Amino acid sequence: PKLQNIEHGKVYPEVQTGDGSLENPFQMPCMVYPEAIYELEKVIYRFERENPQYGMERYHTVFKEHNIEWSEESMGNVDVSKADAKEVLALLIGAFRAERFCSGAIQGFLDNGCIQKWLERLKELDGTEME
């Protein structure tokens, strides 16, 4: 619920300042996300550390096993309705790792509803496993 009805991120600084000189350098733009996104990131990485049995650091291997490319399009097209927890966790960790290399990657996954869909699938799986 914390991810619903929130701004998915914005570029900072909104207006480029500086002239590129040593005294007044350009500031590289980057994405700034709402606190709920940073909280989710912390939870995902904590889960990765505390649950090595899922092998989340090997998300690329899981992608290969399921014919998923490490791209927003491929990851976004995965039908998670039948996915197991390992596949969904790989998608989440892959999305947050993508942000390290491409500022704004998380915004794309938020805008197209992937992160919400993946979290809902995990909740569904958790409920199933608990019964």
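**Exercise 1.** What percentage of the 131 residues in the chain do buried residues make up?

Solution. Keep in mind that you're looking at a predicted model. A residue goes into the buried group if its relative accessible area is under 20%. Buried residues come to 39% of the chain's 131 residues. As for the surface, the accessible area of the chain is about 8,500 Å², and carbon and sulfur atoms own 53% of that.

**Exercise 2.** Work out which elements the chain has and in what order they run.

Solution. Start by counting: there are six helices and two strands. Now walk along from the N terminus, and you'll read β-β-α-α-α-α-α-α. Next, check how far along the chain the contacts reach. Take the contacts between residues at least 6 apart in sequence: 59% of them join residues at least 24 apart.

**Exercise 3.** Describe how helix 1 and helix 4 pack, and name the residues that meet there.

Solution. First, what do you need? Two packed helices are described by the angle between their axes and the distance between the axes. Helix 1 covers residues 35–50, and its axis lies 11 Å from that of helix 4, at an angle of about 120 degrees. Angles over 145 degrees would count as roughly antiparallel, and 65 to 115 as roughly perpendicular. The two helices are therefore oblique to each other. Their crossing is left-handed.

Now for the residues. Helix 1 brings Ile37, Leu40, Glu41, Ile44, Tyr45, Phe47 and Glu48, while helix 4 brings Leu89, Leu92, Ile93, Phe96, Arg97 and Arg100. Sort these by class and you get nine nonpolar, no polar and four charged residues.

**Exercise 4.** Is Arg97 buried or exposed, and which residues is Arg97 in contact with beyond its sequence neighbours?

Solution. Find Arg97 in helix 4, which spans residues 85–101. Its relative accessibility is 14%, so Arg97 counts as buried. Then skip the neighbours within four places in sequence: Arg97 is in contact with Tyr45, Glu48, Glu57, Tyr59 and Trp70.

**Exercise 5.** Locate Glu120 and say what its relative accessibility makes it count as.

Solution. Go to helix 6, residues 114–130, and you'll find Glu120 there. With 45% relative accessibility, Glu120 counts as partly exposed. To finish, look across to Ser81. Glu120 and Ser81 are 39 residues apart along the chain, and 9.7 Å separates their C-alpha atoms.

Notes
Residues numbered from 1 in each chain as written. Predicted model: local features only at pLDDT ≥ 70, side-chain atom pairs only at ≥ 80, totals over all residues. Heavy atoms only, no water. Helix = DSSP H or I, 4+ residues; strand = E, 2+ residues; numbered from the N terminus. Buried < 20%, exposed > 50% of the residue type's maximum accessible area, 1.4 Å probe, protein only. Contact = heavy atoms within 4.5 Å. Areas by Shrake-Rupley, 256 points an atom, 1.4 Å probe, with all protein chains shown as cover. Axes fitted to C-alpha atoms, helices over the stretch in contact; angles between N-to-C directions. Parallel < 35°, antiparallel > 145°, perpendicular 65-115°, else oblique. Left-handed = near helix turned anticlockwise from the far one by under 90°. Nonpolar A, V, L, I, M, F, W, Y, C, P; charged D, E, K, R; others polar.
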